[in-house]
Amino acid sequence: MAAFLQTNIRMSSIKIVPGKYSALTDHYRTPCRVRCAASSPGKKRFNIALLPGDGIGPEVIAVAKTVLQKAGSLEGLEFDFQEMPVGGAALDLVGVPMPEETFTAAKQSDAILLGAIGGYKWDKNEKHLRPEMALFYLRRDLKVFANLRPATVLPELVDASTLKKEVAEGVDMMIVRELTGGIYFGEPRGIKINENGEEVGISTEIYAAHEIDRIARVAFETARKRRGKLCSVDKANVLDASILWRKRVTALASEYPDVELSHMYVDNAAMQLIRDPKQFDTIVTNNIFGDILSDEASMITGSIGMLPSASLSESGPGLFEPIHGSAPDIAGQDKANPLATILSAAMLLKYGLGEEKAAKRIEDAVADALSKGFRTGDIYSPGNKLVGCKEMGEEVLKSVDSKVPATV
């Protein structure tokens, strides 16, 4: 899905502070290298944009970078990393959440690995100067419309789930979320004054047929590679946008006779995820429903700190990130769980670069470290060894290094 073509970034909508780029340090001014250039016989070279962001972002990105390097080297891959500021870190540095130089590095990369964005420090900023807007700009201008969020209960972490063991055991689903349309981007939007002088907040849920079709095709293809079951989640009993959604998804089903399609209203889907999560294989849904349901699904696995994500476009670099936030309350304390970011690096290899063997090395190493009893605080249970962010990364790294070549 993710190709290695460049996309054009529309900078006209981003307010850049004139004359402030001199504040960018040499660390952030590392020049872009030519992507995919041959480095040595038998080696592949990729350019990876690292966007650590805020809070625990720099901590988990540092760990994931090391694991990515090791897994890649074992499979004949080399990486040129370009680290750039984003979110609150960029606001403090140059006055905007998404500097033009960061956009350039992102769009010219082969793939983007993002940490986390936001924090209490910037909560009172005007909307266009909030750290979270950087993520909005990235998704929109890189056109990464398909968000893949796996939710798998690993055997080693069944007891970490808040659900009963018999309910959580064996859960393995993929949520395919439409990422660049719907109520988060629809027009009209904003806060206006009505004829009575009263403030009115407006957000518009809107989808065009082509937006539904392209995300549905990604979901059908994903289901085809899994267990052949696709559940489309909407609110077609109330919302016109959902009526069209169901109509388009149903029409496409004839092209995928090997995939069993079902439909479910979002309120029922939220309930079913808790009642019987094993019934789901692949879920496809719109932007806002996917945002909510994927976070709900994350808690079935035991912790939001375990789940990676991949955001893909029809062409251009993919965006790979953990689904957790910046957790400013534990930032800098070596308490963060780096596994979601490490697994995001695995998704980067698999979906962004097409390097499945290297991806499998990382996935197997995470399972191996967990099987040995290493746990960060969010997934800790008595009888295991409590470790911090760095030590968990070190244990995964040991497992990557000790593994025989992966088979896929």
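This is a predicted model: local features need pLDDT of at least 70, side-chain atom pairs count only at pLDDT 80 or more; totals for chains, interfaces and linings use all residues.
Entry 1: I began with charged pairs. Side chains of opposite charge can pair when their charged atoms come close. I found 26 salt bridges in the structure.

**Entry 2: K44 and E355.** I looked up the salt bridge between the side chains of K44 and E355, where N and O are 2.9 Å apart. K44 belongs to strand β1, residues 44-53. E355 sits in the loop between α10 (339-352) and α11 (356-371). The pair therefore ties together parts that are 311 residues apart in sequence. E355 is buried, because its relative accessible area of 11% is under the 20% cut-off.

**Entry 3: E221 and R224.** Next I took a pair within one helix. E221 and R224 form a salt bridge, and their closest N and O atoms are 3.8 Å apart. Where do E221 and R224 lie? I placed them both in helix α6, residues 209-225. They are three residues apart there, so about one helical turn separates them. I noted E221 as partly exposed at 33% relative accessibility. R224 is also partly exposed, at 36%.

Entry 4: I looked up the salt bridge of E391 with K385 and read 3.2 Å between the closest N and O atoms. K385 is partly exposed at 44% relative accessibility. I also noted a network: D172, R226, R227 and D281 are joined by salt bridges that share partners.

**Entry 5: helices α1 and α12.** I turned to helix α1 (residues 57-74) and helix α12 (residues 389-402). Their axes come within 10 Å and cross at roughly 5°. That angle is under 35 degrees, so I recorded α1 as roughly parallel to α12. Which residues make the contact? From α1 I listed E59, V60, V63, T66, V67, K70, A71 and L74. From α12 I listed C389, K390, G393, V396, L397, V400 and D401. I sorted the residues of this contact by type: nine are nonpolar, two are polar and four are charged.

Key. Residues are numbered from 1 along each chain as its sequence is written. Side-chain values use heavy atoms; hydrogens and water are left out. A salt bridge is a side-chain nitrogen of Lys or Arg within 4 Å of a carboxyl oxygen of Asp or Glu. Helices (H or I, at least four residues) and strands (E, at least two) are DSSP runs, numbered from the N terminus. Buried means under 20% relative accessible area, exposed over 50%, partly exposed in between (1.4 Å probe, protein chains only). Axes are lines fitted to C-alpha atoms, for helices over the stretch in contact, and angles run from 0 to 180 degrees between N-to-C directions. Angles under 35 degrees count as roughly parallel, over 145 as roughly antiparallel, 65 to 115 as roughly perpendicular and the rest as oblique. Contact means heavy atoms within 4.5 Å. Ala, Val, Leu, Ile, Met, Phe, Trp, Tyr, Cys and Pro count as nonpolar, Asp, Glu, Lys and Arg as charged, and the others, Gly among them, as polar.
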